[in-house]
Number of protein chains: 2
Amino acid sequence: MRDLSYKKRADICKNPTAKKLFALMEQKQTNLSVAADVTSSHDLLELADMLGPEICIFKTHIDILDDFTPKVTKELRRLADKHNFLIFEDRKFADIGNTVSHQYRGGVYKIADWADIINAHIIPGPGIIAGLKEIGGPKGTGLLLLAEMSSSGTLAKSSYTDAAIQMAESSPDFVIGFICLRKLSDNPAFVYMTPGVQLSAGKDSLGQQYQTPESVIHAGSDVIIVGRGIYGAKDPKSEAKLYQNAGWQAYVNSLT
Amino acid sequence: MRDLSYKKRADICKNPTAKKLFALMEQKQTNLSVAADVTSSHDLLELADMLGPEICIFKTHIDILDDFTPKVTKELRRLADKHNFLIFEDRKFADIGNTVSHQYRGGVYKIADWADIINAHIIPGPGIIAGLKEIGGPKGTGLLLLAEMSSSGTLAKSSYTDAAIQMAESSPDFVIGFICLRKLSDNPAFVYMTPGVQLSAGKDSLGQQYQTPESVIHAGSDVIIVGRGIYGAKDPKSEAKLYQNAGWQAYVNSLT
């Protein structure tokens, strides 16, 4: 059970991106994020426009698009504003501070110019947060730390997860929450997002493990991230509505 | 002290990239890798051509180039063949198997088309190796696992390092070695590469910690990775020769 609604947590958040996220989740009645793991820019933008009304976050792997141009992220930004969702580039930054600041700001993708949310592994130590914050802090973007993963045999557990929580608590203005499988902290400003969600639990051939929307929200997570379950469906729009409804009902039922 | 020369280890290696690496290290008398962390394609290619004769590996962060085009990697590949060095794209893959296979093969950078060596974090579990091997295995490329890092407060230590060694030993045909600070295994086919090397030890403002060529080779590592110490120097060519000589002498002195 959860004590505070998304709306109340929006009021508590200091980071502008976290505040905006919780507010739009309440307003649109959705805790669904779609993981748009497609390799064509056309498919990516079509998904964003089609699913925009159902989602709170559009999660991208911009570096798997075979035909990327800067126009893609410009158009994605327009769709995010049109449908009121946030863009989360799932880059999983994982290098020393000096390198990630270049990777976040520069290169072909210029992630800092269009992504509201990014994420990072904590393995390099706290320098990675400092490096990303140099770029994202002034823009008011938000960083998620990978505290747990949904893949089989992951090392993101026990003391590693604890270290992620501690690092987040040391940078609460820029770290807005976690990629994880459950609620991890008593700080209501942190948001929990869980990947590997499908309507039926299961596993892929490369170790990904699936949980259902109900079990994820019941574990105290806030956002369900659904990939192949939606973009791989015959009718992604109808499927997204099923997930949106399942996720939202689970949230409503979890409120005390 | 080390029992086996690079040459003898070339004979032992099964992976063609590892075999080629040890052979060319012996032939060119260099264990120096330059980390070419520049943001201009012109500077990158100039460094590769200028430093090519001194190095065994040219390490790239292709995603920090502000003006990348596919011509850059084509030209880099030509220079690698001209000067007989390997290209190591320091991508630090860190996602589930299905995602990293897309990131390795596809996108704008098509890393699998030009990089001899890539690296990965083990946090997602063994699926990350399986996903990368699907693409790199048939090409004969080599994967390094990040077992240790040079940054302050890194979590890549103790049981995490042990897990990396175990995962490498489970995939010895594709995993050719480690990013680490020292020799980690008794298997002479594994290569150890250490970043954060400068002629004087020290630290940067975002947590990077530096060791000297001598201390790194003395700890049993095989390849010294030098970034700002070379590309940030007034005369990178002369500086690279200093590092090449320091690294090679330390190796020669370490042979029993």
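## A bridge between chains

The side chains of A:Arg91 and B:Asp63 pair up in a salt bridge, with 2.9 Å from N to O (that is, a Lys or Arg side-chain nitrogen within 4 Å of an Asp or Glu carboxyl oxygen). A:Arg91 sits in strand β3 (residues 86-93) of chain A and B:Asp63 in the loop between β2 (57-60) and α4 (70-83) of chain B, so the pair joins two chains. Helices here are DSSP runs of H or I with at least four residues, strands are runs of E with at least two, and both are numbered from the N terminus.

A:Asp66 and B:Lys110 also meet through their side chains in a salt bridge, at 3.7 Å from N to O.

## Ground rules

This is a predicted model, where local features need pLDDT of at least 70 and side-chain atom pairs count only at pLDDT 80 or more, but totals for chains, interfaces and linings use all residues. Residues count from 1 along each chain as its sequence is written, chains are lettered from A and ligands numbered from 1 in the order written, and side-chain values use heavy atoms, leaving out hydrogens and water.

## The interface

Chain B and chain A put in 47 residues each, with contact meaning heavy atoms within 4.5 Å. Of chain B's interface residues, 100% are also interface residues in chain A, so the copies meet through the same surface.

About 3,700 Å² is buried between the chains, 59% of it from carbon and sulfur atoms (accessible area, 1.4 Å probe, lost when two parts are put together, summed over both). B:Ile123, B:Leu155 and B:Leu206 supply 19% of what chain B buries against chain A, more than any other three residues.

## Symmetry

Rotating by 180° with 0.0 Å of shift along the axis superposes chain B on chain A, at an RMSD of 0.0 Å (least squares on C-alpha atoms of residues with pLDDT of at least 70 in both). The two copies are thus related as by a two-fold rotation axis. In chain B, the C-alpha nearest that axis belongs to B:Ala94, 3.6 Å away.
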